[in-house]
Amino acid sequence: MEDKLVTLAILTYTKAQILKNVLENEGIETYIHNVNQIQPVVSSGVRLRIKESDLPRALKITESSTWLSESIVGEKEPKVKDKSNKILIPVDFSNYSMKACEFAFNLAKTENAEVILLHVYFTPIYASSLPYGDVFNYQIGDEESVKTIIQKVHSDLNALSAKIKEKVTSGEFPNVKY
């Protein structure tokens, strides 16, 4: 006579997979039902089913909560403190950049971090080295145009840095290393 299947537990997909592995390591055949086939991890209530004859052994295993310990389930990862906390702020010299700086400086103060300003721009000098670079290629006549672009970026970055220095001095921004 064939054993009928009984539902041992209704769990999240992740926990059902863990318990399935634990039970199968003990020689208990398990099946997971009601899994969302498109996004299995999103399923909130999948059934873990076993043979009725295995139920007493399976209950002993599930009642011992060691299979659900945080080290096995991994739901809470230990917080690792980086020795060099840095906050990277992408800037484009707009008013939004100042808002980003304000937010990042306040965050840096609470996290005891250093702030790094980063401005990224498209440089036509290296366009040909990129795949499909010819699509983005600007026509540059001479080196003077490139020097002008670089000088403009440097002056804009210096102006932004000066504004930040003013805001730190006035107390609008916290005094953090940047």
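Student: Which residues does Ile87 touch, not counting residues up to four places away in sequence?
Tutor: This is a predicted model, where local features need pLDDT of at least 70, side-chain atom pairs count only at pLDDT 80 or more, and totals for chains, interfaces and linings use all residues. Residues are numbered from 1 along each chain as its sequence is written, and side-chain values use heavy atoms, with hydrogens and water left out. Contact means heavy atoms within 4.5 Å. By that rule, the partners of Ile87 are Ala104, Leu107, Ala108, Ala113, Glu114, Val115 and Ile116.

Student: Is Ile87 buried or exposed?
Tutor: Ile87 is found in strand β4, residues 86–90. Strands (E, at least two residues) and helices (H or I, at least four) are DSSP runs, numbered from the N terminus. Buried means under 20% relative accessible area, exposed over 50%, and partly exposed in between (1.4 Å probe, protein chains only). Ile87 has 15% relative accessibility, so Ile87 counts as buried.

Student: How far apart in space are Ile87 and Ala104, C-alpha to C-alpha?
Tutor: In sequence, Ile87 and Ala104 are 17 residues apart. Ala104 is also among the residues that Ile87 touches. The C-alpha to C-alpha distance is 6.9 Å.

Student: Is Lys20 buried or exposed?
Tutor: Lys20 meets Glu24 in a salt bridge of 2.9 Å, N to O. A salt bridge is a side-chain nitrogen of Lys or Arg within 4 Å of a carboxyl oxygen of Asp or Glu. Both residues lie in helix α1 (residues 13–25), four residues apart. Glu24 is partly exposed at 35%, but Lys20, with a relative accessible area of 18%, is buried.

Student: Why are Glu102 and Lys99 separated by about one helical turn?
Tutor: Glu102 forms a salt bridge with Lys99, the closest N and O atoms being 3.9 Å apart. Lys99 counts as exposed at 56% relative accessibility. The separation is about one turn because, in helix α4, they are three residues apart.

Student: Which residue is the bridge partner of Thr7 in β3?
Tutor: Two strands pair if DSSP finds at least two bridges between them. Strand β1 (residues 5–11) and strand β3 (residues 46–51) pair in the antiparallel sense over six bridges. In β3, Thr7 is partnered by Arg49.

Student: Which residue in β3 stands opposite Ile32?
Tutor: Strand β2 (residues 30–33) and β3 run antiparallel. Four bridges join them. Opposite Ile32 stands Leu48.
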